[in-house]
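Subject: Structure handover

Hello,

Here is the structure we spoke about, with its sequence. My notes on it follow below.

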Amino acid sequence: NVEMNEILKNESIFIRHETLEAKPSKSSKEYYGLVELAGCVWVSAYLAGMLATAEKRSRYLLRMGKMGLSPFQRWASRFVPSFLGMCCTSLAVMLWLVVGLGINLSLFNIKVIGYIFFIILSFTLLNTLMSFMFKQNGVYIMSVCVVWIAMGFLGGNFQNTWQNFIPERVQRLSIFYYTNRSVMELCTYGESKYLKTSLVVLGVISLGSFLINLVWIWLGRYREDENLDID
């Protein structure tokens, strides 16, 4: 509250100031590239549906049943390829971001890679369950697309920041709201205040999907697929 005139009259008055360093910012390519990475992980959820269709066409479950495989081994035969396929898809997207868009490779540190790995694991468990639950491939595709678009829009994948008309409390219902911010802040600052919440939500998705898968196997529901055939 020192007036300018007092400062000019009295040279002994000094104003203390500090220089604030701005946190590093990201370019539009880096920002949207990293945000869409989480979205591409969900898109690759269709891999489990592709496997389910191929199994029905070849009557895989019926033939594997004659080999004496356990129900869990049959479930794993769909989960493992889906998981590896999602890892390869995510790796291809990351390479495209680095080579195609010129994003700095150093952004993908060990924390980011580990976090993306956990996202892939969670979504693979969920999508493997969905591939068993939905008998019709068309229904499965529509379900994946609807959930992906809805959750992606609420989470910020497709929203226009200048015209954001959705309340934040509604946006927080989307898992992408937390994954997008966690990936971005981990790449930029090495930590994120959204990370703990996202890990809890992803953990619930993983554990819930895995337990339901076990119940699905225990009830023998997988046997319904053995008699299904697609011309």
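**V112 and its surroundings**

Leaving out residues up to four places away in sequence, V112 touches L107, L186 and C187, where contact means heavy atoms within 4.5 Å. Please keep in mind that this is a predicted model, in which local features need pLDDT of at least 70, side-chain atom pairs count only at pLDDT 80 or more, and totals for chains, interfaces and linings use all residues. Residues are numbered from 1 along each chain as its sequence is written, and side-chain values use heavy atoms, with hydrogens and water left out.

V112 is found in helix α6. Helices here are DSSP runs of H or I with at least four residues, strands are runs of E with at least two, and both are numbered from the N terminus. V112 has a relative accessible area of 1%, so it is buried. The cut-offs are under 20% relative accessible area for buried and over 50% for exposed, with partly exposed in between (1.4 Å probe, protein chains only). L186 is 74 residues from V112 along the chain, yet their C-alpha atoms are separated by 6.2 Å.

**The protein as a whole**

The secondary structure comes to ten helices and zero strands. Read along the sequence, the pattern is α-α-α-α-α-α-α-α-α-α. The protein has 231 residues, and 38% of them are buried. Of the contacts between residues at least 6 apart in sequence, 74% join residues at least 24 apart. The protein exposes about 13,900 Å², of which carbon and sulfur atoms supply 65%. Accessible areas come from the Shrake-Rupley method with a 1.4 Å probe, and for residues only the protein chains shown count as cover.

**More on helix α6**

Helix α6 covers residues 110-133, and I116 lies in it. I116 is buried, because its relative accessible area is 5%. I116 and S90 are 26 residues apart in sequence, and their C-alpha atoms are 8.6 Å apart in space.

S122 is also found in helix α6. Why does S122 count as buried? Its relative accessibility is 0%. The side chain of S122 makes a polar contact with the side chain of S206, at 2.6 Å. A polar contact is a pair of N or O atoms within 3.5 Å; within protein, one must be able to donate a hydrogen and the other to accept it, and residues adjacent in sequence count only if both atoms are side-chain atoms. Setting aside neighbours within four places in sequence, S122 is in contact with L202, I205 and S206.

**Helix α9**

Helix α9 runs over residues 175-189 and has 15 residues. From its first C-alpha to its last it reaches 21 Å, close to the 21 Å expected at 1.5 Å a residue; the expected span is 1.5 Å times one less than the number of residues. Helix α9 is mostly covered, with 13 of its 15 residues buried. At its start, a side-chain oxygen of S174 comes to within 3.1 Å of the backbone nitrogen of F176. Just after the helix, G190 takes a positive phi of about 85 degrees.

F72, L207, L211 and L214 form a nonpolar patch on the surface, with about 350 Å² of accessible area together. Patches are made of residues with over 30% relative accessible area and no salt bridge, joining like charges within 9 Å and nonpolar side chains (Val, Leu, Ile, Met, Phe, Trp, Tyr) within 5 Å. A salt bridge is a side-chain nitrogen of Lys or Arg within 4 Å of a carboxyl oxygen of Asp or Glu. Helix α10 (residues 195-218) gives the largest share of the patch, three residues.

L211 is found in helix α10 and is partly exposed, with a relative accessible area of 44%. N213 lies in helix α10 too, but N213 is buried, at a relative accessible area of 2%. Not counting residues up to four places away in sequence, N213 touches W75, L125, T128 and L129.

I217 is another residue of helix α10. At 12% relative accessibility, I217 counts as buried. I217 and R74 are 143 residues apart in sequence and 9.3 Å apart in space, C-alpha to C-alpha.

Regards
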